[in-house]
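This report walks through selected local features of one protein chain. Please keep the sequence and the structure open while reading.

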Amino acid sequence: KKMTHFPWPEDTIDFGPILAGFDKKAILLRYIAIIIFPSSLLTRILGIPNYGDEDEAGLLFTSGSSGDPKGVPLSHRNIISNVLQIDEVALLSKEDTTLMCCLPIFHSFGYTVTLWYPLIRRLKMVTLPSPLEQKKIASAIEAEKVTVFIGTRTFFKPYLKRVAREKMESLDLVVAGAEKVTPEFFDLWHDKFGSDIFEGYGLTETSPVVSVNLKNPLQPDSESVLQIAYRRGSAGRMVPGITARIKDPDTGEDRSLFEPGMLFVKGSNIFSGYLDDPARNAEILDDGWFKTGDLARFDEDGFLHIEGRESRFSKIAGEMVPHETIESKIIEVLKLAEEEMIPVVISARPDDAKGEALVLLTTVAIDEDLLRQKLSEEGLPNLWIPRIILRVEEIPILASGKLDLKGCQVLAAE
């Protein structure tokens, strides 16, 4: 109804009329047949193809936050592998889980975790068409006693001001991915709703789940020593079946897993290459190893810590300067954590003397001298303190809820 002129292809299947044509007797007979007959016979009767494996199951596109979107064909093996990997860590319990499924399926998080996973594992799903309708989603969470809510920090943030605590009381697990959760947001969410956010990490190219924090096991007695499953500020431990390595981002030489560097991963959930882009594929894929573009490290307990996207660093006078670290510190010293929309973003523009110059894009009025003083008092190096501050009407955001880094660079260049 909202998109009356959408160019549907000729072979589109509309499930509405199909489901409306099934009465209770037809549904019951099919259900009995599924239980009684072996899958090999059912697939033959229903005309379901028995091939898949490395064939394409779906074509997604990267967000294009730092450049043009890239086509990511995901195979049947990629999707099923990631479903099994999620199963292995027992993130979602089949018995008592009701999953809120409101992420768009053009987003890999929504595609695998809130579409294919619940369908394959038979979880109870509650669906809404848009993650932007916070009040409708909150009402559905309350009415359907939803226990698991999966989304991104940007999609979650408006709930702090628009949704009452009692609407979210049934939630047992809140998982955030796609973008880093700031320390301030952890506190704001916990103070408002009384629940913790369990951060995970993944990419469209990894189908998407690579790692996730889990609930700590219950302590059976005072003498037991349990392996912790949750570490706030980390992206959790990697799911089974994925191998990781850390390399020097400049030389490509292997580093210790405990030393920050470029993260490479390998596993059956990793895609086989971008659509019609052999040059880029040669750059990011080597013998099954995928260059994620994220700088990361592991701690002594195996938790993955994402230091930042390579595109979210500036090289100034030979030093790698992290944008997200500076943004987090600015939000902290200026007490902007409760702003509903993103209030500040660090970008950069070319600089003849030092390579790049930091540019602070802000939607709020900022006393430049006071900000620089506060950042210096917090111990930020002078090189990390932005010298250019630009007031803008709004920070560019993509439909997926992620920062439009390319749009921010255009503003910074002005």
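Glu332 and Lys329 sit three residues apart in helix H11, so about one helical turn separates them. Their side chains meet in a salt bridge, with an N to O distance of 3.4 Å. The model is predicted. Glu332 is partly exposed, at 39% relative accessible area. Lys329 is buried, because its relative accessible area of 19% falls under the 20% cut-off.

Lys329 also forms a salt bridge with Glu378, again through side chains, at 3.4 Å from N to O. Lys329 lies in helix H11, while Glu378 lies in the loop between H12 and strand E20 (388-391), so this pair ties together parts that are 49 residues apart in sequence. Glu378 counts as partly exposed, with 41% relative accessibility.

## Packing of H11 and H12

Two packed helices are described by the angle between their axes and the distance between the axes. Helix H11 spans residues 323-333 and helix H12 spans residues 368-377. Their axes come within 10 Å and cross at roughly 110 degrees. The range for roughly perpendicular runs from 65 to 115 degrees, and H11 and H12 are therefore roughly perpendicular to each other.

Which residues meet where H11 and H12 are in contact? From H11 come Lys329, Ile330 and Val333. From H12 come Leu371, Lys374 and Leu375.

## Other salt bridges

How many salt bridges does a search of the whole structure find? The search finds 18. One of them joins the side chains of Arg255 and Glu259, at 3.9 Å from N to O. Arg255 is partly exposed, at 28% relative accessibility. Glu259 is partly exposed too, with a relative accessible area of 37%.

## A buried tyrosine

Is Tyr159 buried or exposed? Tyr159 counts as buried, at 1% relative accessibility. Tyr159 is found in helix H8 (residues 159-162).

Neighbours within four places in sequence are left aside here. Beyond them, Tyr159 contacts Pro131, Gln134, Ile137, Phe149, Met168, Trp189, Lys192 and Phe193. Lys192 is 33 residues from Tyr159 along the chain. The C-alpha atoms of this pair are separated by 9.3 Å.

## A nonpolar surface patch

Six side chains are named in this patch: Leu28, Tyr31, Ile32, Ile35, Ile36 and Phe37. Together they form a nonpolar patch on the surface, with about 620 Å² of accessible area. Ile32 belongs to helix H2 (residues 24-36). At 37% relative accessibility, Ile32 counts as partly exposed.

## Backbone details

A cis peptide bond joins Ser207 and Pro208, with omega of about 5 degrees. Pro208 lies in the loop between strand E7 (197-202) and strand E8 (209-212).

Arg122 is a residue other than glycine with a positive phi, near 60 degrees. Arg122 sits in the loop between helix H5 (108-121) and strand E4 (124-127). Arg122 counts as exposed, at 56% relative accessibility. Asp287 also has a positive phi, near 55 degrees. The loop between strand E13 (285-286) and strand E14 (289-298) holds Asp287. At 63% relative accessibility, Asp287 counts as exposed.

Note on methods: Residues numbered from 1 in each chain as written. Predicted model: local features only at pLDDT ≥ 70, side-chain atom pairs only at ≥ 80, totals over all residues. Heavy atoms only, no water. Patch = residues over 30% accessible without salt bridge, like charges linked within 9 Å, V, L, I, M, F, W, Y side chains within 5 Å. Areas by Shrake-Rupley, 256 points an atom, 1.4 Å probe, with all protein chains shown as cover. Salt bridge = Lys/Arg side-chain N within 4 Å of Asp/Glu carboxyl O. Helix = DSSP H or I, 4+ residues; strand = E, 2+ residues; numbered from the N terminus. Buried < 20%, exposed > 50% of the residue type's maximum accessible area, 1.4 Å probe, protein only. Axes fitted to C-alpha atoms, helices over the stretch in contact; angles between N-to-C directions. Parallel < 35°, antiparallel > 145°, perpendicular 65-115°, else oblique. Contact = heavy atoms within 4.5 Å.
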